[in-house]
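Thanks, everyone. I'll keep this short. Please have the model up while I talk.

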Amino acid sequence: MIDSKEASAALADIDDIVQRLKQSQLYELASLAAVWWGVLVFAANLVTWLWPVYAVYAWVASDFLGVGGLVAIRLLNPPHQPHGAAFNIRLVLVFALFFAFGYLVTSVIGHFGPRQLGTFWPIYFMLFYTLAGLWFGYAFVAIGLGISALTLIGFFYIGEAFPLWMAFVNGGGLILGGLWMRRI
């Protein structure tokens, strides 16, 4: 028979294991999403750099494919809770509000040019990565702050090759960040 001190220690160990398992599952899904978005963002930035006239189409396609991919990732990886729904409409609403706010700021209020758009959207996305990291793990914080800092460096110091810079910084950063989260 174990005493209450040993039982408390055993329960604390079990709780620690459960928390690490939850974080590893979250990191696995987040890494899939980061790599998915990274590939799309890399491609859209390359199109922007090589064929600027098609940039708007590349970004609209990237956004739709990105959100669709996230929904597919969620449907293919339902929560491991007994009463958790495989699909939650709130995920779609979050993205609708996210993009609506971004559009309002960049096109209605701000009238941003291509370079400002290429800076705003990655920093805006990374704001939420960084905020998520405060709850879900510091990998999100590192990725968010790193990509934001490199984006600002590119905005101020990289000339015409800014979209190419952003392909590697934003797209490549998300891909590397996603692969890094798989190893944590």
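Start with a term. Buried means under 20% relative accessible area, exposed means over 50%, and partly exposed lies in between, with a 1.4 Å probe and protein chains only. Now the ground rules. This is a predicted model, where local features need pLDDT of at least 70, side-chain atom pairs count only at pLDDT 80 or more, and totals for chains, interfaces and linings use all residues. Residues are numbered from 1 along each chain as its sequence is written, and side-chain values use heavy atoms, with hydrogens and water left out.

Confidence next. pLDDT is the predictor's confidence in each residue, from 0 to 100. The protein chain averages 86. Of its residues, 84% score at least 70. Helix H1, residues 4-50, is lowest, with a mean of 78. H5 is highest, at 95. Where pLDDT is low, the predicted coordinates should not be read in detail.

The fold. Six helices, zero strands. Helices (H or I, at least four residues) and strands (E, at least two) are DSSP runs, numbered from the N terminus. Of the 184 residues, 32% count as buried. Contact means heavy atoms within 4.5 Å. Take the contacts with a separation of 6 or more: residues 24 or more positions apart account for 62% of them.

How do H4 and H5 pack? H4 is residues 114-136, and H5 is residues 138-157. The angle is about 160°, and the axes are 7 Å apart. Axes are lines fitted to C-alpha atoms, for helices over the stretch in contact, and angles run from 0 to 180 degrees between N-to-C directions. Angles under 35 degrees count as roughly parallel, over 145 as roughly antiparallel, 65 to 115 as roughly perpendicular, and the rest as oblique. So H4 and H5 are roughly antiparallel. The residues of their contact divide into 15 nonpolar, nine polar and one charged. Here Ala, Val, Leu, Ile, Met, Phe, Trp, Tyr, Cys and Pro count as nonpolar, Asp, Glu, Lys and Arg as charged, and the others, Gly among them, as polar.

Is Asn45 buried or exposed? Asn45 sits in helix H1. Its relative accessibility is 7%, so Asn45 counts as buried. Leaving aside neighbours within four places in sequence, Asn45 contacts Trp59, Pro163, Met166 and Ala167.

Then His111, in the loop between helix H3 (89-109) and H4. His111 is exposed, at 61% relative accessible area. Most residues other than glycine have a negative phi. His111 is not a glycine, yet has a positive phi of about 50°.
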